[in-house]
Amino acid sequence: MTGRLFARRPQDPPPVAQMLGLVALTGLLGLVLMPWIWALVSSFKPRAEIMSTGFLPSVWIVDNYVALFRDTLYLRWLFNSAVVSVSAAVLGMALSAMAGYAFAKFRFVGREVLFWIVIASVSIPPFTTVIPLFGWLAKLQMLNTYPVLILPFAASAFGLFMMRQYMSTLPDELIEAARIDGCGEFRLFLTIIVPLARPALGTVGILIFISSWNSFIWPLVFMRSNEMFTLPVGIAGLNSEQMAEYGLVMAAAIVSCIPMLTIFFLMQKQIIAGLTRGAVKS
Amino acid sequence: MTVAAGPVAAVRRRSRGPLGLRLRRAAVPYLFILPFFALFGVFWAGPIVASFLYSFTQWRGISDPVPVGLKNYVDLLSDERFFTALGNTLWMAAGYVVVANLAALALALLLDAGWMKLRQFFRTAFFLPMTISMVVSAVIFQLIYAGDIGLIAKLLALVGVEGPAWLRDPTTAPYAIVLMRVWRTMGYYAIIYLAGLQAVSTDLKEAARLDGASEWQVIRHVTLPGIRPVALFCVVLATISGLEMFDEPMILTQGGPGDATLTAVMYVYQQGFQFLQLGYAAAASYVLTLIIVLISIAQRLVLGEKDR
C-alpha cells in the first residue's frame with residue numbers, strides 16, 4: 001500500500017485509464033442495481049402514479065405493503081417457501097454428505113457408473129422428470145403436499161458432486177486409524193467425518209436452499225391450491241391476476257428478496273467458495 | 001523377509017475374515033449411498049427413464065397411457081409450433097451464451113487487473129441479482145420494459161423519443177428477455193471467471209512481461225489459454241440453462257407476441273399441462289434433451305483440452 005489512490009506498477013495502465021475503468025464499473029453497477037431501485041420506488045407509489053410520467057412518488061405510501069399482508073396469502077407462501085427450502089437443505093446436506101463420503105473413500109462395484117449417471121442428470125430439461133411424476137403423484141394423491149417439493153431437491157447432484165470433491169481431500173490415515181481403534185463405520189462418519197466436512201456442508205446447504213427457494217416449475221405443477229403455493233408461484237399469480245396492481249406486485253417482489261439477501265450477506269464466503277470450487281477444479 | 005511377512009499376513013487374514021464380516025464390510029458404501037439414491041431414483045432417474053417410455057404412448061393424465069409407437073415423434077416432425085419453439089430457443093440461448101459470457105469475462109478481466117480497487121465490493125455487488133429468483137426478476141423487469149409506464153419508456157420520453165413496447169413487439173421481445181437473463185447471471189459467471197483468472201500463475205505472466213510482451217499479449221497468450229477449462233464450464237452451464245429457458249417468457253410474454261418468445265420448455269409445458277398431452281410432451285422433451293446433450297458434447301470437443 002503506497003497510500004496513493006492510483007499507485008502504478010510498470011505494467012499498469014496510466015491513471016486516467018484506471019479512473020475510466022472504475023467509472024465504467026460504477027456505471028455498470030448502477031445499471032445492475034437500477035431495476036431493484038425502480039421496483040423499490042414503485043412499491044411506494046399509489047396506483048395512479050405508476051401510470052403517470054413522473055419518476056418519484058409525490059407521497060410515499062405503504063398501502064401496497066399493507067395490502068400485500070392483509071389481502072393476499074403472502075405470509076402463507078413465505079411460510080411454505082421457508083418450510084420447503086429449509087427441509088430440503090437439511091435433508092440434502094445429510095444425504096449428500098453420506099453419499100459423497102462413500103464415493104470419495106470407498107471402492108465399490110458401480111461407483112463410476114452411478115456417479116456418472118448423477119452428473120449426467122443435470123443436463124436433463126425440467127419437464128422430462130416432471131411429466132411422469134405428475135401422473136404418479138396424482139395417482140398417489142400426493143399432489144399439493146410438502147414432501148413433493150422437498151425430496152427431489154434433497155437428492156442434489158450438485159451437492160453430491162461437491163461433497164465427494166471435499167471428502168476426497170480428507171486424509172485416509174485418519175479414517176484408517178479410527179478403524180484400527182475399532183470405531184464402527186457409522187460412528188466414524190458421524191464423529192470424525194461430519195465435523196471435518198462442516199465448511200462444505202454449509203455450502204451445500206445454502207446452494208440447495210437457494211435452488212429450492214427460487215424454484216418455479218416444481219411448485220407450479222405440483223401445488224394445486226393457493227394455500228400451498230411457494231413465493232415464486234404466488235408472486236407470479238399476483239402478477240397475472242391483477243394486471244394493473246404493479247405497486248402490490250413490486251412490494252411482493254421486494255419483500256421476497258429480503259431473506260435471500262440476508263443469507264447472502266451473512267454467508268457470502270461459503271456461497272462464493274461453493275460456486276467457484278466446482279468450476280475451477282473440474 | 002520372514003520378519004516382514006508376519007504383520008502383512010496378519011493384515012491379509014484380517015481383510016479376508018469370515019464371510020459374514022466380509023459381506024458386511026462390502027455393504028458399507030452401499031448403505032451410505034442408499035438414502036441418496038433412493039430419492040434420486042424416485043425423483044430423477046426413474047422419471048427420466050419413464051418419460052422416455054411414455055413418449056411412445058398417448059397419455060392424457062387421468063387414464064392409463066396407450067402405446068402408439070412412434071406416432072408422437074412423427075407428429076412432432078410436422079408440428080410447426082414445435083419447430084418455432086426450437087428455433088426461438090436455439091437463437092435466444094445462443095445470444096444469451098455469447099453475451100453473458102463475453103460480458104462476464106470482460107468484467108472479470110477488469111476486476112482481476114492488478115490496480116483494481118474495491119475488488120471484493122464490486123464482485124459482491126454484481127452477484128446480487130443472482131440471489132433473486134427468475135420469477136421475481138421477471139416481475140421487476142416488467143416495470144422496466146413496459147411500453148408506456150416502464151422505466152425505459154419514461155427515460156426515453158424525457159428526451160422526446162417514443163420507444164417500442166419492448167415486450168409486445170415480436171422483434172424486440174426476445175432481446176428483452178435475453179438481456180434480462182444476462183442482467184441476472186452476468187455476476188455469477190464473472191465470479192467463476194475471476195476465480196479462474198486468479199488461478200493463472202502470476203509467475204507465468206511476469207515471465208511473459210519480462211520477455212517484453214505487452215499487457216494485451218499477456219492476456220491473449222497467457223491468461224486466456226489458462227482459463228480454458230473455466231470458460232468451458234461457464235459456456236456449457238449457460239448453454240444448458242439457456243436451452244431450458246421457461247420462467248421468464250412464461251411470466252413476461254407467455255410466449256408471445258405471436259409465438260416470438262415461445263421456448264421449447266414452454267411448449268412442453270403447454271402440451272403437457274395445459275392440453276394434457278403428456279405423452280406428446282414427453283416426446284418433445286426428449287427431443288430437446290437430445291439437442292442439449294449433442295450441443296454439450298460438441299462444446300466439450302471444441303473448447304475442451306486439446307491433448308485428449
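**View 1. Surroundings of A:Gly54 in the predicted model.** Setting aside neighbours within four places in sequence, A:Gly54 is in contact with A:Trp38, A:Lys45 and B:Lys154. Contact means heavy atoms within 4.5 Å. A:Gly54 sits in the loop of chain A between α2 (47-51) and α3 (63-71). Helices (H or I, at least four residues) and strands (E, at least two) are DSSP runs, numbered from the N terminus. With a relative accessible area of 32%, A:Gly54 is partly exposed. The scale: buried is under 20% relative accessible area, exposed is over 50%, and partly exposed is in between (1.4 Å probe, protein chains only). A:Gly54 and A:Leu78 are 24 residues apart in sequence, but 32 Å apart in space, C-alpha to C-alpha.

The model is predicted: local features need pLDDT of at least 70, side-chain atom pairs count only at pLDDT 80 or more, and totals for chains, interfaces and linings use all residues. Residues are numbered from 1 along each chain as its sequence is written, chains are lettered from A and ligands numbered from 1 in the order in which they are written, and side-chain values use heavy atoms, with hydrogens and water left out.

**View 2. The two domains of chain A.** Chain A divides into domain 1 (15-61) and domain 2 (65-281). These bounds come from an automatic or database domain assignment. The C-alpha centres of the two domains of chain A lie 33 Å apart. Nine residues of domain 1 are in contact with nine residues of domain 2. Between them, the two domains of chain A bury about 790 Å², 75% of it on carbon and sulfur atoms. Buried area is the accessible area (1.4 Å probe) that two parts lose on being put together, summed over both. On the domain 1 side, A:Trp36, A:Ser43 and A:Arg47 lose the most area to domain 2, together 49% of what that side buries.

**View 3. The interface of chain A and chain B.** Here 99 residues of chain A are in contact with 88 residues of chain B. The two chains bury about 8400 Å² between them, 80% of it on carbon and sulfur atoms. In chain A, the residues that lose the most area to chain B are A:Leu25, A:Trp38 and A:Ile131. Together they account for 8% of what the chain A side buries.

**View 4. A:Thr128 against chain B.** A:Thr128 belongs to helix α6 (residues 126-139) of chain A. Its relative accessibility is 0%, so A:Thr128 counts as buried. Neighbours within four places in sequence aside, A:Thr128 is in contact with B:Pro47, B:Ile48, B:Ser51, B:Ser285, B:Tyr286 and B:Thr289.

**View 5. Helices α4 and α10 of chain A.** Helix α4 (residues 74-105) and helix α10 (residues 185-196) of chain A pack at an angle of about 110 degrees, with their axes 12 Å apart. Axes are lines fitted to C-alpha atoms, for helices over the stretch in contact, and angles run from 0 to 180 degrees between N-to-C directions. α4(A) and α10(A) are therefore roughly perpendicular to each other. Angles under 35 degrees count as roughly parallel, over 145 as roughly antiparallel, 65 to 115 as roughly perpendicular and the rest as oblique. From α4(A), A:Ala97, A:Met98 and A:Tyr101 meet A:Glu185, A:Phe186, A:Leu188, A:Phe189 and A:Ile193 of α10(A). By class, this contact has seven nonpolar, no polar and one charged residues. Ala, Val, Leu, Ile, Met, Phe, Trp, Tyr, Cys and Pro count as nonpolar, Asp, Glu, Lys and Arg as charged, and the others, Gly among them, as polar.

**View 6. Helices α8 and α11 of chain A.** The axes of helix α8 (residues 157-167) and helix α11 (residues 198-214) of chain A come within 10 Å and cross at roughly 170 degrees. That makes α8(A) roughly antiparallel to α11(A). On α8(A), A:Phe158, A:Gly159, A:Met162, A:Met163 and A:Tyr166 take part. They meet A:Pro199, A:Ala200, A:Leu201, A:Thr203, A:Val204 and A:Leu207 in α11(A). The residues of this contact divide into nine nonpolar, two polar and no charged.

**View 7. Loop and helix residues of chain B.** B:Leu276 lies in the loop between α13 and α14 of chain B. Phi of B:Leu276 is near 50 degrees, a positive value in a residue other than glycine. B:Leu276 is partly exposed, with a relative accessible area of 28%. B:Ile291 is found in helix α14 (residues 278-303) of chain B. Leaving aside neighbours within four places in sequence, B:Ile291 is in contact with B:Leu86 and B:Leu90.
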